Structures are given as C-alpha cells and as structure tokens.
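This briefing is meant for someone meeting the structure for the first time.

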Amino acid sequence: MLNISGMKCAGCVRAVENRLNQVDGVRSATVNLVTEVAVVETQTGSVTTEDLVEQVSQAGFAATPRATDGDGDDLTAWVEAKRQEQQQQGRRLGIAIALLILSAIGHLNHFGWLTIPVLSDLWFHAVLATVTLAFPAREILVDGWGGLRRLAPNMNTLVALGSVSAYLASVVALVFPDLGWECFFEEPVMLLAFILLGRTLEQRARYRAADALRSLVELQPAVARLISNPATAGAAQTGVEVPARCVQVGEWVQVLPGEKISADGTVVSGQSTVDESMLTGESMPVLKQPGDGVTAGTVNQSGAIALQVTGTGQNTVLAQMIRLVETAQSRKAPIQRLADVISGYFTYGVMSLATLTFLFWYFIGLHQWPQVMHSALGMAHMGHTMTYTSSTLLVSLKLAIAVMVVACPCALGLATPTAILVGSGLGAERGLLLRGGDSLETIAHLDTVVFDKTGTLTLGQPAVTEVQALTEDLSETDILQLAATVESGTQHPLAKAIHRAAIERELDLLKADEFDTQPGLGVAAQVTWQGTVQPCALGNQQWMIQREMMLDADVQDRAKVLAEAGQTVVYVALGDRVVGLVAIADQLRPDAAAVVDALQKQGLQVRVLTGDRKEVAGAIAAQLNLNPSQVTAEVSPQGKVDAIRQLQDSGHTVALMGDGINDAPALAQADVGISLHSSTDIAMETADVILMGDQLSALLETLTLSRVTFNKIRQNLAWAFAYNLVAIPLAAGVLLPTVGVSLSPAAAGGMMAFSSVAVVANSLLLRRE
C-alpha cells in the first residue's frame, strides 16, 4: 500500500493507476481519490516498494509506503494530516472570499453603480490578478503545467490554461492599448476564487465523509495500565502506564471505570459493564465477568477489571475493523469502471473541444451571428470601444476558456469513492463490515440468499429441549440428574448440553465411577442411585440394543416422534431397563424466522443447506415456514459449492451466509459471502461481509445499506455525466444564436467547483436515510 498525495481528479487517479500497472511484476493497482491510497498487488520478489514509489513520483505525485502490519501510526498520521488540511482550507476560504469581494467591488462601475478610487482602477485589477496567480493559485498552476508537461493533463491543467489565457490576453491589452483588445483581469481572479471556494467546501465535505473511519482510528487506545498476574498478587495494584502498543499477548492490564480497554483480552478479575457500541452498533452496555472477552477501544463503564491480553496492535478486533473499512475503499464497484475509462480521456477531450470552440466562433460563428457579440461579452464590457476583430477574438477566447473550466472530471472521480466511504463507514458504526464497493453493488443486485444451518440459522449450541420419564418411579428431574452424572466424564457437544441443563436446574451430580465411552454409540458408568450402585448408560438406539435393553413399541414411538421433529434422541438406561429419553436440538436463533420472512417479502429466494439428516432439515423448514424444497439436507462442503454454482449457472446472484471452516469454499464461490463475527477465522477471512453483532437481523440492515449506497453511487454518476453533458455545450455557446445565453469563465469556474461539492454533499445525505 502507498500513500499518494497531490491527486485532484479522476484523471490523476487514472494517471497513477496506468503508471503502476505498466511496471513489470505488478498484477493490479487500485487508487482511491478520497483516502489517497494506492493498493498494488505484485508478484512475489518481482518489484520493490521503492520502485513503485519512483514510478508514482515520475507521474508527478508524491508517494510514501504505508505499513500494513505495524502499530497503526500511518492511519493516525493520516487523521492528523486531514485535520491540518482543514485548518489550511479555512485560510484558503478566507483568501477566496477576499478575492471575490475585491474583484466584485472594483467592477461595480461597469454596471454604473459605484466607482471607488483605486479599487476601480485597471492597474489595481492587473496587480490583483498577478498576486492571485502568484500566491493562492500557484499550486494549481504548477500542478497543471506539470500534468501537461508529462502528457497527463488533469483538472488543474484545464483551470491553469483557462486562467493564464485570460490573464495573458488582458496583459497584452493593457500593455498595447492600440490593439483595441479589452482587459478582463476580473475573469482569472473570480475564476480562481470560485475554484478555491469550491475546493474548500469539497475538502470539508470529504473530511466529513471519512467521519466513521476517522472515529475508528481515534478509538485506538494510547496507554495501558500494566499489572502483574492478579491471581498471584498479594495486594491491590496501581499498575504502570505504558504505551498500548508495548503490551504483549499474555500480560495483564487493569482498566478503571471510564477508561478505554487497551487491548483485546479475557477478564480475569472484577466485574463491569462495557460500552461496545463501536463494535456492534448496540447502545446497551454489556455485563463483563471473569471469563468474558473484551475488545480494545470499547469503554469500561462501572467497575475496575483486570484482563489477560489476547490481542494487541494490528491483531485486535478494532484494528481489523479499521483495516476492513479502509480496504473497502480500494475495491471499486463495477459501475465505476465506465467513469474510470471516460476520466482517462476526459481532459484531452475537453482541451480539444475548447480549441474547436475557439476556432468555430472566431472563423464561423461570429460572422454568421454577429448579433450575439454583446450577449457573449456581458454587461462588464458595455461602454468599451472595441474593434470588430478584437471583439471576435475576445468572445472566442472567453467561450474557449469557459469550456475548459466548466468541465468537471472531479465529479466523476468522487461519485463512487465518497459514497462507498460514507456507506462503509455507516456500516462500521452499525457493526456491518463490508470489504469493498464491488460487494456493495453485488448485494444491491442479489436475488437469492442461501443459509448454512448450524451456527448461522441456529445458535450452534445444542440444548436439551425435552426430558421424558418412561417409568413411574422416576421423574424427569431424576432422568436429567442420571444423564448429567454419566456424561460428566465426556466433552461431547451433547454431553455439554445435558450438563448445562442440569446446572440450570441446580441438580447435583451423583457418585459415579467406571466410565466407559464408546464413540458413535454412547457412554456408561456405575452410578450410586438411592444407595445402590447400578449400571447407567446413555446413547443411541444401537447402543441400547448392543447392551441388550428392551425397547418396547411405546419407547420406539416416542423416540420416533422426537426424531421426526428434528431432535437428537438420547436413551437413558438404569440397570436392565430403559427409563427415559432426553431430546437435544440446536435451537434456532430468536430472529431467524423473522429474518427469513422479511427476505422473502423483499422478493428474495431463500435456501438452506445443511449437513444434518433429513429429519432435522424438515424440522427447520417447518419452523422457518419454508417449503421442504427450499431446504437441502446431508450436503457435504463440496456439495454446498456445487449447489451455489448451480444457482449461479441458472442466472441467480447468490449470497451465502455461513460460519464454519467447512463453509469457507462455498463462501468463496458465492457472489457475496456473509459471516457472523462469532464464526471461525477462515470463514471471516473468506467472507465479503462480516456482521459484528452476531444477529441475523443485521443482514437486513446490510441489504438496506447496500441498496441505498449503490443508489447514491448511481445518482452521483448520473449527476456527473448530466452536468458535463449540459454544462460543456452551454459554455461553448450553443444557446447564443437562439436565446443569447452563454457562460463567462468566472461563472463556468463556479459551476465546476460546486458540481464536485454537490456530489460529496449527496453522498453525505446517506447519513440521513
């Protein structure tokens, strides 16, 4: 990654991308105008960072390497640089307004309103124009000339050509009055004042567009209070404050009420509530007790806690969020490709049109329609005696300058990245992390959503749903107590479910020994029950048969009913008889049915893929009000990939929501992969969208945000194209022969400046939708 400075428009972006893509060993290069970052993918060992920096420098832009695995200093420096830019923009704004006021007051006499000594003098305006070009507009002129010299003209090239042309023509008219030319020093002054004003407003809007990313960066804790192991410390510890970046995994830190948590970790002592709104978007504080995980950047609210560090620096959840939001800017939406292609040739086309405009009006237009002369010159030139030739030259020059400065490649360049920056930032604030603009566009066109079952639609945590006693001398509580006792020696998921159920009912374990576990069948032990040691076994039907237990019709019927409801049946035998059944199932998430229903109401097809048996799949279909045909059972990981590919081959745009290692290939195959934050690392790495709040309802928010953001991108591009299609012919004088309307260079500059502001402001409206 490289930090790029000096880019002003889409033409600059195109120039940098082209230069980087031409380097041997570079596979792809993507440049973002808003965040001023280039992401370059290279072949290993084929090109160095220094080579890339040199190539960017040759293209006329400053570049510095950006660390990708450091301590976050690059982004912190970026935030500080943006803050300083805002202060500089304030000074530029004052200069622009002062120039406009001086120029406007000095020309009031042209309208017969007011003549002010010195301010109305022609030499004063010559000096004012010279000072404007030499100081406030110096950067524009130098950059514009540099682009022209490198045969890569940009927005500044057009502005520089227009303003310098007007200035030089006015200087010639002032020095050689016998030529009969008219001076119009006010044009470059007002033109550049409008440009500076527009860019100031645009920079401020772009700064606001990066609010979310900036807020995440500023959440990074600066200091940590390092302590020794609380378990071995004999007394209360005050701790030693050290830079948060110096804390290492495995060390212990203390966090007091009101402080930011300095690193990812696990609470080892103390109890408190923590504000995790930056992580999940949920405003309610979360109770944290020993054993609970906490995240760097969240705020400890009510009590002092000590935690053991599990992640620091770029390995924290906060750093991963920042990285995702930032890299989201480097993945362009496909809709932006047309804008990129056009912007690459935009300035060449505008310079050609300006030349044609001058030639047409000088040699043909004004001879054909001489009556438009006064309309084109404007009120500021009324009362001046000019020759026909000088008037023709002046009008042609003014129209050509207007064409150069009214054209706006900036709006094309900002249309997509500003909307993506605001949209992805809003997503981060709400706990929705999107990897890029391409994902946003694809989500906006989804027509099919496929869910994995275990851990996605369900909690991924089997729980006891029913306990049945099959004999009159034992109660359901007795059955659960016996089951928990026998399963106490195993760590199987079903055993953990039985254990949790016993703890919830506050049941004590019985005395037991001689545990015997048979994988795939069950477990047995000698249990002391009512003062007598008896064999007790838990397991499936095959385990009961193997132990020669009698399974009468009633027991089998009960087990069949439970199995058909999608539950796993565990038989409980005491002595030589089966005494109870325990039903265990993975519970649906509380919001699963509502989310599936909402998706279908939006016109999306919903499918469920699961590796579970058909009975479980059928039960899930019933609970979600889905047709059995929408749920496919006993699907292998490769089968999930094949199923998604089949849907894609049928013309569907498919999103898959999964959570496990076995879902990673299917997540990669889907057009959009979506994962919960509680998913495995590989699932999150493969996914295009990560839902930090671990709630399925966040999927609906993601769909809404993506559609609204993509609509903003389309609106911005439509405005950018429409503006140029209307403004350039208007500046070229297409309405002069019919209605006598044209644009002065100053008015054209104002329109160009505010067209970019309009694009950024429209993107900011996302925050209100």
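How are α1 and α2 oriented to each other? In this predicted model, the axes of helix α1 (residues 10-21) and helix α2 (residues 49-58) cross at roughly 135° and come within 9 Å, and the two helices are therefore oblique to each other.

**Helix packing**
- The contact is made by Val16, Arg19 and Leu20 on the α1 side, and by Leu52, Gln55, Val56 and Gln58 on the α2 side.
- The crossing in which α1 passes α2 is right-handed.

**Salt bridges**
- The structure holds eleven salt bridges, and one of them joins Glu276 to Lys288, with the closest N and O atoms 3.0 Å apart.
- This pair links distant parts of the chain, since Glu276 lies in the loop between β9 and α9 whereas Lys288 belongs to strand β10, twelve residues apart; both Glu276 and Lys288 are buried.
- Asp473 and Arg577 also meet in a salt bridge, at 2.9 Å from N to O, and they lie 104 residues apart, with Asp473 in the loop between β16 and α17 and Arg577 in strand β21.
- Within helix α20, Arg558 and Asp554 are four residues apart and so are separated by about one helical turn, and their side chains form a salt bridge of 3.5 Å, N to O.
- Arg225, Glu241 and Glu259 are linked in a network of salt bridges.

**A buried charge without a partner**
- Asp143, which is placed in helix α5 (residues 138-149), is buried yet has no salt bridge, the nearest side chain of opposite charge being Arg150 at 4.9 Å.
- Leaving aside neighbours within four places in sequence, Asp143 is in contact with Gly6, Lys8, Asn154 and Asn156.

Technical notes
Residues numbered from 1 in each chain as written. Predicted model: local features only at pLDDT ≥ 70, side-chain atom pairs only at ≥ 80, totals over all residues. Heavy atoms only, no water. Buried < 20%, exposed > 50% of the residue type's maximum accessible area, 1.4 Å probe, protein only. Lys, Arg positive; Asp, Glu negative; His and termini not counted. Salt bridge = Lys/Arg side-chain N within 4 Å of Asp/Glu carboxyl O. Contact = heavy atoms within 4.5 Å. Axes fitted to C-alpha atoms, helices over the stretch in contact; angles between N-to-C directions. Parallel < 35°, antiparallel > 145°, perpendicular 65-115°, else oblique. Left-handed = near helix turned anticlockwise from the far one by under 90°.
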